[in-house]
Amino acid sequence: MIEKAELEEARRLIEERGCAPGAEKVALPEAHGRVLAKDITAPVDYPPFNRSPLDGYALQAADTVGASPGAPARLKVVDTVYAGGYSHKIVTGGIAVRLMTGSPIPEGADCVIRQEDTRLEEGWVVIEKELIPWENYCFRGENLRKGDTVLKKDSVLQAAAIGVLAGVGVAAVPVYKKPTAAVLSTGDELIEPGTLPAPGQIYGSNLYTIACRLKECGVNVLSTGILRDDSAAIGNAVAEAAGRADFIVTTGGVSAGEKDLMAAVMKGLGAEIVFRGVKIRPGSAVLFSVFGGKPVISLSGNPLASAVTFELLLPSFLQKITGNRSLERRTMQAVLQNDFDKKSPVRRALRGKFWRDCEGKAVVEIIDHMHSSGNLTVALKSNCYVDVEKGSTGLKRGEMVRIIV
Ligand code: AMP
Ligand code: MG
């Protein structure tokens, strides 16, 4: 067991215990937000036929050579095609076929003239301008050819991707199986939103934050709810959750107080304790154990601390078990926009607001005014962490700092 792991080491120890996901085939409507497990190739050309991009007439451009208001071309309209229809007529010199947007261009035609640029006179279309071959002509397969790679393995299927797959007729896709997490929070003081607090009670918010973040990362969440600070109850809940979930996240009970029971409970279950504590603040109180092969990540009950630890420790693990590479955290340098006077004997993760200035340079402001680790609302204003080295005597505006976006 490691007492007080470095952040990077802690991250790696958790990631190591994650399993890469298997694959399953799901119907397109269920594939939204999922991660592709294989490359997808187009089973058909797109568009599937030569197609008219507008309402007009299909014809041969050669018939319009020299056409002008003074000497218009006149072509016999021999057929009309609506979207969804098809004309078996072959367009030869002297004739035209009326087309609606999206309808197939008949064989023989090499261009389409916009309806607005024509006049219809008793079955004849009158054209007062020249057309060039392949004007207003969408070729079969011009977006995608049969066999082209439409989407690469590991892409996250957002709305546009789902639309493209539907457009080429793909009805089901192989995606990574979603892992399942069980989340539970512990604390005698906690009650559910919607109930009235007795003196000393507070609303439990961690389950909501953690469950929502897990869902955003593509994890199914089973919620065990709020548990009292009772070793037997917590032990039973963890053992039961380990039977149903791929991993467990708990909050509360990992500090050094009398009712901080998590470490004793996990030991009592015979779990392997991998590390206890991480050298970063907030979020130093954290316990990582493995029970029955299932990783159990026990975060502090402190709402901000648990959120910070989640963001700093779990992304690489979540990336591994979901196959979603975009979950990996990006680390970069940014120019600090404000002074931060406090000394940091230990490494700190300060909430920050990152943006790019007018020259595209990465800049960051530390959100400092309410930086107690119990302050949840600060999470609403920030989009990154500023990684402050241990032993820092303060940071000055204009300095380069390392941020985790
Ligand atoms: P603990 O880690 O159990 O010592 O809790 C640390 C602090 O966070 C205490 O002030 C708790 O009341 C508070 N806390 C614990 N669990 C939650 C929770 N689920 N939601 C909000 N606050 C909590
Ligand atoms: Mg507690």
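Helix α4 (residues 206-216) has a buried face, and what covers its buried residues includes β12 (180-186), β15 (220-227), β16 (247-251), β19 (294-299), α7 and α8 (315-322). Here, covering goes by contact, meaning heavy atoms within 4.5 Å. Helices (H or I, at least four residues) and strands (E, at least two) are DSSP runs, numbered from the N terminus. The model is a predicted one, so local features need pLDDT of at least 70 and side-chain atom pairs count only at pLDDT 80 or more, while totals for chains, interfaces and linings use all residues. Residues are numbered from 1 along each chain as its sequence is written, chains are lettered from A and ligands numbered from 1 in the order in which they are written, and side-chain values use heavy atoms, with hydrogens and water left out.

So which residues of α4 are buried? They are Asn206, Leu207, Ile210, Ala211 and Leu214, where buried means under 20% relative accessible area, exposed over 50%, and partly exposed in between (1.4 Å probe, protein chains only). These residues sit on the same side of α4 because they cover an arc of only 115° around the axis, taken from the directions from the helix axis to the C-beta atoms. Just after α4, Gly218 takes a positive phi of about 90°.

Leu214 turns up again in the largest nonpolar core, which has 39 residues; Leu214, Phe247, Phe275 and Leu318 touch the most other members. A nonpolar core is a set of buried Ala, Val, Leu, Ile, Met, Phe, Trp, Tyr and Cys residues joined through side-chain atoms within 4.5 Å. Helix α7 (residues 303-313) gives the most to this core, with 5 residues. Leaving out residues up to four places away in sequence, Phe247 touches Leu214, Leu318 and Ile321, among others. There is also a second, separate core of 22 residues, including Leu227, Ala241, Leu261 and Val296.

Asn206 shows up again too, this time at ligand 1. Of the 16 residues around the ligand, Glu189, Ser205, Asn206, Gly253 and Gly301 come nearest; a residue counts as near if one of its heavy atoms lies within 4 Å. An N or O atom in the side chain of Glu189 is 2.5 Å from an oxygen atom of ligand 1. A nitrogen atom of ligand 1 lies 2.8 Å from a backbone N or O atom of Ser205, and a polar side-chain atom of Asn206 lies 3.2 Å from a nitrogen atom of the ligand. On its own, ligand 1 has 480 Å² of accessible area (Shrake-Rupley method, 1.4 Å probe), and the protein covers 76% of the 480 Å².

Note on methods:
Polar contact = N/O pair within 3.5 Å; in protein donor to acceptor, adjacent residues only side chain to side chain.
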